[in-house]
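Please look over the model shown here before reading the notes that accompany it.

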Amino acid sequence: AGMICSALTTATLANGCTLGTISQHPFAKLKAHASRSADDCGANSSPSPKKLVLASQSPRRRELLSALGFDFEVRSQNVDESVDSGFPAREVALHLARKKAAAAVPNLRPGEIIVAADTTVLLDNQVLGKPVDRSDAITTLMKLSGRSHEVVTGVCVTDEHGKSEAFEDIALVTFRNLEKWEIEHYVDNYKPFDKAGSYGIQDW
């Protein structure tokens, strides 16, 4: 038995909900947004196609962009992802996506467009970040057990001039009641220490 995701409204980004179709995924919106951003760069700009740069080392994000047929380069850099304690939880993902994109702009070459993203898991309007260790991951998953939570993905597309478009997608995810041994088995075998909310739906 594994974690069962029910009442899934859309697919999500970093946590990789694969139960929705690829067209529902936030990255599926990129073709329209990237094209619009390229068109808006200026009427006198070259008609040559824009080069897409992914500001993330996430294997799941690389997989999704490849599945959508994008030709892209991975070029990420360290960004401070801390936010003030009073910052609205629902807005954190989009805020960090914009922050990551802005940090990458100085390194863009002519004709390149950066795509940056961030995903947060919200329970009772509180952000559940990446676990610091095994105990933290287990505690987080016990909180999610038998309850519904939101997964918010923010995406920001920016050109070398700093012109950007940003959007978000929200998935409602429901866990059935999980036994502690199931949670421990998941954490010990899948080691979700790089995942917001301490899990990745694609693992189950």
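The points below describe a predicted model.

**Helix α2 and what follows it**
- Helix α2 spans residues 59-67, and within this helix Arg-60, Arg-61, Leu-64 and Leu-65 are buried.
- Pro-59 and Ala-67 are exposed, and both are carried by the face of α2 that is turned away from its buried side.
- After α2 comes Gly-69, which has a positive phi, near 90°.

**The β6-β7 hairpin**
- Strand β6 (residues 148-159) and strand β7 (residues 164-175) run antiparallel and are joined by 11 bridges.
- His-149 has Val-173 in β7 as its bridge partner.
- Four residues lie between β6 and β7 in this hairpin, and Gly-162, which sits in the turn, has a positive phi of about 90°.

**Nonpolar cores**
- The largest nonpolar core consists of 18 residues, and the residues with the most contacts inside this core are Leu-141, Leu-144, Val-173, Phe-175, Val-187 and Tyr-199.
- Two or more residues of this core are given by each of the elements β4 (112-123), α4 (134-144), β7 and α5 (180-190), and the largest share, four residues, comes from α4.

Definitions and conventions
Residues are numbered from 1 along each chain as its sequence is written. This is a predicted model: local features need pLDDT of at least 70, side-chain atom pairs count only at pLDDT 80 or more; totals for chains, interfaces and linings use all residues. Side-chain values use heavy atoms; hydrogens and water are left out. Buried means under 20% relative accessible area, exposed over 50%, partly exposed in between (1.4 Å probe, protein chains only). Two strands pair if DSSP finds at least two bridges between them. A nonpolar core is a set of buried Ala, Val, Leu, Ile, Met, Phe, Trp, Tyr and Cys residues joined through side-chain atoms within 4.5 Å.
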